[in-house]
Amino acid sequence: MLNRPRRLRKNPIIRELVAETRLSEDMFVYPYFVVPGQGVKHGIEAMPGISHFSADMLVKDVEAGLKLGLNKVLLFGVGEQKTDDASSAYHDHSVVADAVRALKSAFGEDIYVITDVCTCAYTTHGHCGILKNDYVQNDETVHVLAKMALSHALAGADMVAPSDMMDGRILAIREKLDQHQQENTAIMSYSIKFASAYYGPFREAADSAPNKGDRKAYQMDFRNPNEMMREAYLDEEEGADILMVKPALAYLDVIQQLKNNTNLPVACYNVSGEYSMVKAAAKAGWIDEQKVTMENMYAFTRAGANIIISYHAREILENKWM
Ligand code: PBG
Ligand code: ZN
(Lines give C-alpha, C1' and ligand atoms only; values in the text may rest on other atoms or scores of the structure.)
(Ligands and ions follow the chains in the order given, each with its own letter.)
Protein backbone atom coordinates (compact mmCIF):
# COMPACT_ATOMS: atom_id res chain seq x y z
CA MET A 1 0.00 0.00 0.00
CA LEU A 2 1.56 3.30 -1.06
CA ASN A 3 -1.01 5.64 0.41
CA ARG A 4 -1.72 5.52 4.10
CA PRO A 5 -3.49 8.80 5.00
CA ARG A 6 -3.56 7.63 8.63
CA ARG A 7 0.20 8.34 8.90
CA LEU A 8 -0.67 12.02 9.20
CA ARG A 9 -3.20 11.33 11.94
CA LYS A 10 -0.90 9.39 14.23
CA ASN A 11 -0.72 11.80 17.16
CA PRO A 12 -1.86 15.30 18.14
CA ILE A 13 1.39 16.93 17.05
CA ILE A 14 1.23 15.72 13.46
CA ARG A 15 -2.51 16.38 13.38
CA GLU A 16 -1.89 20.00 14.38
CA LEU A 17 0.89 20.32 11.82
CA VAL A 18 -1.31 19.30 8.92
CA ALA A 19 -4.54 20.99 10.08
CA GLU A 20 -5.92 22.81 7.03
CA THR A 21 -8.36 25.04 8.85
CA ARG A 22 -7.47 27.29 11.75
CA LEU A 23 -9.66 29.38 13.95
CA SER A 24 -8.62 32.56 15.67
CA GLU A 25 -10.28 34.54 18.44
CA ASP A 26 -10.05 37.53 16.11
CA MET A 27 -12.76 36.02 13.91
CA PHE A 28 -15.55 36.29 16.44
CA VAL A 29 -18.21 38.94 16.81
CA TYR A 30 -20.41 38.68 19.88
CA PRO A 31 -24.06 39.84 19.76
CA TYR A 32 -25.72 41.76 22.62
CA PHE A 33 -29.33 42.73 23.31
CA VAL A 34 -29.53 46.18 24.85
CA VAL A 35 -32.57 47.43 26.79
CA PRO A 36 -33.47 50.76 28.42
CA GLY A 37 -32.95 51.35 32.13
CA GLN A 38 -30.20 50.78 34.63
CA GLY A 39 -28.84 47.77 36.43
CA VAL A 40 -30.63 45.34 34.11
CA LYS A 41 -29.14 41.95 33.32
CA HIS A 42 -31.97 39.59 32.61
CA GLY A 43 -31.56 36.12 31.08
CA ILE A 44 -33.40 35.27 27.85
CA GLU A 45 -35.27 32.01 28.31
CA ALA A 46 -35.05 30.80 24.72
CA MET A 47 -31.30 31.50 24.57
CA PRO A 48 -29.57 30.00 27.63
CA GLY A 49 -26.50 32.04 28.60
CA ILE A 50 -27.64 35.17 26.74
CA SER A 51 -29.16 38.20 28.50
CA HIS A 52 -30.77 41.56 28.05
CA PHE A 53 -28.42 44.28 29.31
CA SER A 54 -28.97 47.93 30.12
CA ALA A 55 -26.12 50.15 28.91
CA ASP A 56 -24.37 50.32 32.30
CA MET A 57 -24.41 46.54 32.72
CA LEU A 58 -23.36 46.11 29.10
CA VAL A 59 -20.22 48.13 29.81
CA LYS A 60 -19.37 45.78 32.69
CA ASP A 61 -19.95 42.67 30.63
CA VAL A 62 -17.93 44.00 27.70
CA GLU A 63 -15.10 44.89 30.07
CA ALA A 64 -14.91 41.23 31.12
CA GLY A 65 -15.19 40.14 27.49
CA LEU A 66 -12.31 42.40 26.46
CA LYS A 67 -10.06 40.56 28.90
CA LEU A 68 -10.85 37.37 26.97
CA GLY A 69 -10.07 39.00 23.64
CA LEU A 70 -13.68 39.63 22.67
CA ASN A 71 -13.38 43.12 21.23
CA LYS A 72 -16.07 43.15 18.53
CA VAL A 73 -19.72 43.39 19.53
CA LEU A 74 -22.96 43.58 17.55
CA LEU A 75 -25.75 45.51 19.28
CA PHE A 76 -29.50 44.96 18.98
CA GLY A 77 -31.94 47.37 20.61
CA VAL A 78 -34.96 45.99 22.45
CA GLY A 79 -37.75 47.53 24.48
CA GLU A 80 -38.05 50.92 22.79
CA GLN A 81 -41.40 52.52 22.10
CA LYS A 82 -43.02 50.73 19.15
CA THR A 83 -44.66 52.94 16.53
CA ASP A 84 -45.88 52.55 12.95
CA ASP A 85 -43.11 54.78 11.62
CA ALA A 86 -40.29 53.19 13.73
CA SER A 87 -39.19 56.67 14.82
CA SER A 88 -37.70 55.38 18.08
CA ALA A 89 -35.18 53.48 15.98
CA TYR A 90 -33.33 56.62 14.89
CA HIS A 91 -33.63 59.30 17.53
CA ASP A 92 -30.38 60.63 19.00
CA HIS A 93 -30.85 58.82 22.29
CA SER A 94 -32.20 55.49 21.13
CA VAL A 95 -31.24 52.57 23.33
CA VAL A 96 -28.59 51.54 20.79
CA ALA A 97 -27.14 55.03 20.26
CA ASP A 98 -26.79 55.49 24.03
CA ALA A 99 -25.20 52.06 24.43
CA VAL A 100 -22.70 52.89 21.67
CA ARG A 101 -21.80 56.13 23.48
CA ALA A 102 -21.40 54.28 26.79
CA LEU A 103 -19.08 51.68 25.22
CA LYS A 104 -17.05 54.26 23.36
CA SER A 105 -16.62 56.48 26.39
CA ALA A 106 -15.54 53.50 28.49
CA PHE A 107 -13.23 51.77 26.00
CA GLY A 108 -12.65 54.07 23.02
CA GLU A 109 -10.74 52.35 20.24
CA ASP A 110 -10.30 49.18 22.30
CA ILE A 111 -13.82 48.11 21.39
CA TYR A 112 -15.18 47.77 17.87
CA VAL A 113 -18.90 48.46 17.92
CA ILE A 114 -21.24 47.19 15.21
CA THR A 115 -24.96 47.98 15.29
CA ASP A 116 -27.84 46.10 13.75
CA VAL A 117 -29.93 48.36 11.53
CA CYS A 118 -33.53 47.21 11.13
CA THR A 119 -36.93 48.36 12.28
CA CYS A 120 -38.59 45.11 13.42
CA ALA A 121 -37.99 45.72 17.14
CA TYR A 122 -39.35 49.27 16.77
CA THR A 123 -42.55 48.80 14.78
CA THR A 124 -45.96 47.99 16.26
CA HIS A 125 -46.44 45.19 13.71
CA GLY A 126 -42.91 43.72 14.01
CA HIS A 127 -42.06 43.91 10.31
CA CYS A 128 -38.63 45.02 9.09
CA GLY A 129 -40.01 48.19 7.55
CA ILE A 130 -42.90 50.59 7.05
CA LEU A 131 -46.11 48.67 6.42
CA LYS A 132 -48.89 49.83 4.11
CA ASN A 133 -51.73 47.59 2.93
CA ASP A 134 -49.91 44.64 4.47
CA TYR A 135 -46.85 45.28 2.30
CA VAL A 136 -43.50 46.54 3.55
CA GLN A 137 -42.79 49.71 1.56
CA ASN A 138 -39.29 49.46 0.14
CA ASP A 139 -38.18 53.02 -0.56
CA GLU A 140 -39.85 54.52 2.48
CA THR A 141 -38.15 51.90 4.65
CA VAL A 142 -34.76 52.55 3.08
CA HIS A 143 -35.12 56.19 4.09
CA VAL A 144 -35.74 55.18 7.73
CA LEU A 145 -32.83 52.73 7.69
CA ALA A 146 -30.46 55.41 6.44
CA LYS A 147 -31.51 57.69 9.31
CA MET A 148 -31.09 54.85 11.78
CA ALA A 149 -27.61 54.01 10.49
CA LEU A 150 -26.60 57.67 10.67
CA SER A 151 -27.80 57.99 14.28
CA HIS A 152 -25.63 55.01 15.23
CA ALA A 153 -22.63 56.36 13.33
CA LEU A 154 -22.95 59.78 14.97
CA ALA A 155 -23.04 58.06 18.36
CA GLY A 156 -19.71 56.46 17.49
CA ALA A 157 -20.49 53.08 15.92
CA ASP A 158 -17.57 51.73 13.92
CA MET A 159 -19.77 49.68 11.61
CA VAL A 160 -23.47 49.38 10.81
CA ALA A 161 -25.12 46.12 9.78
CA PRO A 162 -28.44 46.45 7.95
CA SER A 163 -30.49 43.25 8.37
CA ASP A 164 -33.75 44.23 6.69
CA MET A 165 -33.29 42.99 3.07
CA MET A 166 -34.81 46.07 1.39
CA ASP A 167 -33.56 46.80 -2.14
CA GLY A 168 -31.07 49.63 -2.46
CA ARG A 169 -30.45 50.13 1.23
CA ILE A 170 -26.68 49.78 1.11
CA LEU A 171 -26.28 52.64 -1.36
CA ALA A 172 -28.77 54.80 0.54
CA ILE A 173 -26.96 54.20 3.83
CA ARG A 174 -23.54 54.81 2.25
CA GLU A 175 -24.70 58.10 0.78
CA LYS A 176 -26.35 59.21 4.00
CA LEU A 177 -23.24 58.42 6.05
CA ASP A 178 -20.96 60.17 3.56
CA GLN A 179 -23.14 63.27 3.44
CA HIS A 180 -22.62 63.59 7.19
CA GLN A 181 -18.86 63.02 7.17
CA GLN A 182 -19.19 59.43 8.37
CA GLU A 183 -17.23 58.04 5.43
CA ASN A 184 -15.14 55.86 7.72
CA THR A 185 -18.14 54.04 9.17
CA ALA A 186 -18.12 50.60 7.57
CA ILE A 187 -21.14 48.67 6.34
CA MET A 188 -21.53 44.94 6.90
CA SER A 189 -24.49 43.91 4.82
CA TYR A 190 -26.75 41.04 5.72
CA SER A 191 -26.56 40.33 1.98
CA ILE A 192 -27.77 36.78 1.77
CA LYS A 193 -30.35 36.60 4.50
CA PHE A 194 -32.90 33.85 4.13
CA ALA A 195 -36.45 33.74 5.45
CA SER A 196 -35.60 31.16 8.09
CA ALA A 197 -37.27 29.37 10.96
CA TYR A 198 -33.90 29.41 12.73
CA TYR A 199 -34.56 32.97 13.93
CA GLY A 200 -37.23 31.80 16.39
CA PRO A 201 -35.40 32.35 19.71
CA PHE A 202 -34.10 35.75 18.52
CA ARG A 203 -37.60 37.01 17.94
CA GLU A 204 -38.38 36.26 21.55
CA ALA A 205 -35.15 37.99 22.63
CA ALA A 206 -35.77 41.04 20.46
CA ASP A 207 -39.55 41.01 20.82
CA SER A 208 -39.60 41.39 17.05
CA ALA A 209 -41.89 38.67 15.69
CA PRO A 210 -44.28 39.95 13.02
CA ASN A 211 -47.79 40.02 14.47
CA LYS A 212 -49.21 39.06 11.09
CA GLY A 213 -47.76 37.33 8.05
CA ASP A 214 -44.11 36.41 7.58
CA ARG A 215 -40.95 37.98 6.16
CA LYS A 216 -40.96 36.16 2.80
CA ALA A 217 -41.74 39.30 0.79
CA TYR A 218 -38.32 40.70 1.74
CA GLN A 219 -36.04 37.96 3.10
CA MET A 220 -34.75 35.44 0.56
CA ASP A 221 -36.17 32.08 -0.49
CA PHE A 222 -33.68 29.43 0.63
CA ARG A 223 -34.17 27.48 -2.60
CA ASN A 224 -32.47 30.12 -4.78
CA PRO A 225 -28.70 29.99 -5.29
CA ASN A 226 -28.72 32.29 -8.34
CA GLU A 227 -30.78 34.94 -6.64
CA MET A 228 -28.53 34.90 -3.60
CA MET A 229 -25.48 35.76 -5.71
CA ARG A 230 -27.46 38.55 -7.32
CA GLU A 231 -28.18 39.99 -3.87
CA ALA A 232 -24.52 39.75 -2.92
CA TYR A 233 -23.26 41.44 -6.11
CA LEU A 234 -25.77 44.26 -5.73
CA ASP A 235 -24.56 44.96 -2.19
CA GLU A 236 -20.98 44.86 -3.38
CA GLU A 237 -21.77 47.38 -6.13
CA GLU A 238 -23.64 49.57 -3.68
CA GLY A 239 -20.59 49.87 -1.46
CA ALA A 240 -20.84 47.18 1.21
CA ASP A 241 -17.54 46.51 2.99
CA ILE A 242 -18.39 43.02 4.26
CA LEU A 243 -20.97 40.53 2.98
CA MET A 244 -22.82 38.25 5.36
CA VAL A 245 -24.63 34.94 5.01
CA LYS A 246 -27.38 34.16 7.47
CA PRO A 247 -28.16 31.63 8.90
CA ALA A 248 -24.88 29.71 8.77
CA LEU A 249 -25.18 26.02 9.59
CA ALA A 250 -27.74 24.98 7.00
CA TYR A 251 -26.05 27.29 4.47
CA LEU A 252 -22.41 26.19 4.33
CA ASP A 253 -22.71 25.82 0.55
CA VAL A 254 -23.82 29.43 0.37
CA ILE A 255 -20.84 30.62 2.41
CA GLN A 256 -18.51 28.68 0.14
CA GLN A 257 -20.07 29.93 -3.08
CA LEU A 258 -19.98 33.52 -1.87
CA LYS A 259 -16.37 33.23 -0.74
CA ASN A 260 -15.36 31.89 -4.15
CA ASN A 261 -17.05 34.78 -5.93
CA THR A 262 -16.19 37.93 -4.00
CA ASN A 263 -13.07 39.75 -2.91
CA LEU A 264 -14.85 41.20 0.12
CA PRO A 265 -14.56 39.58 3.55
CA VAL A 266 -17.33 37.06 4.16
CA ALA A 267 -19.14 36.87 7.47
CA CYS A 268 -21.62 34.27 8.63
CA TYR A 269 -24.24 34.59 11.33
CA ASN A 270 -24.58 31.49 13.51
CA VAL A 271 -28.13 32.42 14.49
CA SER A 272 -30.24 32.00 17.61
CA GLY A 273 -31.98 28.77 16.57
CA GLU A 274 -28.65 27.14 15.77
CA TYR A 275 -27.32 28.23 19.15
CA SER A 276 -30.32 27.18 21.17
CA MET A 277 -30.50 23.75 19.53
CA VAL A 278 -26.94 23.04 20.67
CA LYS A 279 -27.72 24.36 24.14
CA ALA A 280 -30.89 22.27 24.47
CA ALA A 281 -29.32 19.04 23.24
CA ALA A 282 -26.30 19.58 25.49
CA LYS A 283 -28.53 20.21 28.47
CA ALA A 284 -30.38 16.97 27.78
CA GLY A 285 -27.03 15.19 27.72
CA TRP A 286 -27.41 14.13 24.10
CA ILE A 287 -24.35 15.89 22.69
CA ASP A 288 -21.01 17.20 23.96
CA GLU A 289 -21.47 20.98 23.88
CA GLN A 290 -17.82 21.88 23.48
CA LYS A 291 -17.16 19.39 20.72
CA VAL A 292 -20.30 20.15 18.73
CA THR A 293 -19.78 23.90 19.09
CA MET A 294 -16.21 23.74 17.86
CA GLU A 295 -17.14 21.37 15.02
CA ASN A 296 -19.63 24.00 13.87
CA MET A 297 -17.09 26.84 14.14
CA TYR A 298 -14.57 24.91 12.06
CA ALA A 299 -17.26 24.12 9.51
CA PHE A 300 -17.94 27.85 9.01
CA THR A 301 -14.23 28.52 8.62
CA ARG A 302 -13.68 25.59 6.26
CA ALA A 303 -16.59 26.80 4.13
CA GLY A 304 -14.80 30.14 3.78
CA ALA A 305 -16.13 32.45 6.46
CA ASN A 306 -13.63 35.09 7.57
CA ILE A 307 -15.89 36.37 10.33
CA ILE A 308 -18.18 34.40 12.65
CA ILE A 309 -20.99 36.12 14.49
CA SER A 310 -21.97 33.73 17.25
CA TYR A 311 -23.65 33.63 20.65
CA HIS A 312 -21.14 30.87 21.49
CA ALA A 313 -18.17 33.24 21.16
CA ARG A 314 -18.07 34.27 24.80
CA GLU A 315 -18.07 30.71 26.13
CA ILE A 316 -15.53 29.54 23.56
CA LEU A 317 -13.04 32.14 24.75
CA GLU A 318 -13.96 31.89 28.43
CA ASN A 319 -13.44 28.12 28.48
CA LYS A 320 -10.50 28.17 26.06
CA TRP A 321 -12.22 25.75 23.72
CA MET A 322 -9.89 26.52 20.83
C1 PBG B 1 -33.94 41.40 12.44
C2 PBG B 1 -32.95 40.35 12.70
C3 PBG B 1 -33.20 39.00 12.92
C4 PBG B 1 -31.98 38.43 13.23
C5 PBG B 1 -31.02 39.42 13.16
N6 PBG B 1 -31.63 40.62 12.81
C7 PBG B 1 -34.44 38.24 12.94
C8 PBG B 1 -35.37 38.27 11.81
O9 PBG B 1 -35.03 38.63 10.69
O10 PBG B 1 -36.53 37.95 12.06
C11 PBG B 1 -31.79 36.99 13.59
C12 PBG B 1 -30.66 36.72 14.51
C13 PBG B 1 -30.75 35.41 15.19
O14 PBG B 1 -31.66 34.60 14.99
O15 PBG B 1 -29.84 35.16 15.99
N16 PBG B 1 -33.97 41.92 11.17
ZN1 ZN C 1 -35.80 43.18 11.07
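Is C128 buried or exposed? C128 is buried, because its relative accessible area is 1%, and buried here means under 20%, exposed over 50% and partly exposed in between, using a 1.4 Å probe and protein chains only. You are looking at a predicted model, in which local features need pLDDT of at least 70 and side-chain atom pairs count only at pLDDT 80 or more, while totals for chains, interfaces and linings use all residues. Residues are numbered from 1 along each chain as its sequence is written, chains are lettered from A and ligands numbered from 1 in the order in which they are written, and side-chain values use heavy atoms, with hydrogens and water left out.

**The zinc site**

- The zinc ion (ligand 2) is held by the SG atoms of C118, C120 and C128, at 2.2 to 2.3 Å.
- Donors are N, O and S atoms within 2.8 Å of the metal (3.2 Å for Na, K and Ca), and sites may look incomplete because water is not among the atoms.
- Along the sequence, the donor residues follow the spacing C-x1-C-x7-C.
- C120 also counts as buried, because its relative accessibility is 10%.

**Salt bridges**

- Side chains of opposite charge can pair when their charged atoms come close.
- The whole structure contains 15 salt bridges, each being a side-chain nitrogen of Lys or Arg within 4 Å of a carboxyl oxygen of Asp or Glu.
- D207 pairs with K82, with their closest N and O atoms 3.6 Å apart.
- D207 sits in the loop between α6 (200–206) and α7 (225–237) and K82 in the loop between β4 (72–77) and α3 (95–107), so this pair ties together parts that are 125 residues apart in sequence.
- Helices (H or I, at least four residues) and strands (E, at least two) are DSSP runs, numbered from the N terminus.
- D207 is partly exposed at 47% relative accessibility, and K82 is partly exposed at 27%.
- E140 and K132 form another salt bridge, their closest N and O atoms being 2.9 Å apart.
- In helix α5 (residues 169–179), D178 and R174 are four residues apart, so about one helical turn separates them; their salt bridge has its closest N and O atoms 3.0 Å apart.
- D178 is partly exposed at 36%, whereas R174 counts as buried at 12%.
- D61, R314 and E318 are joined in a network of salt bridges.
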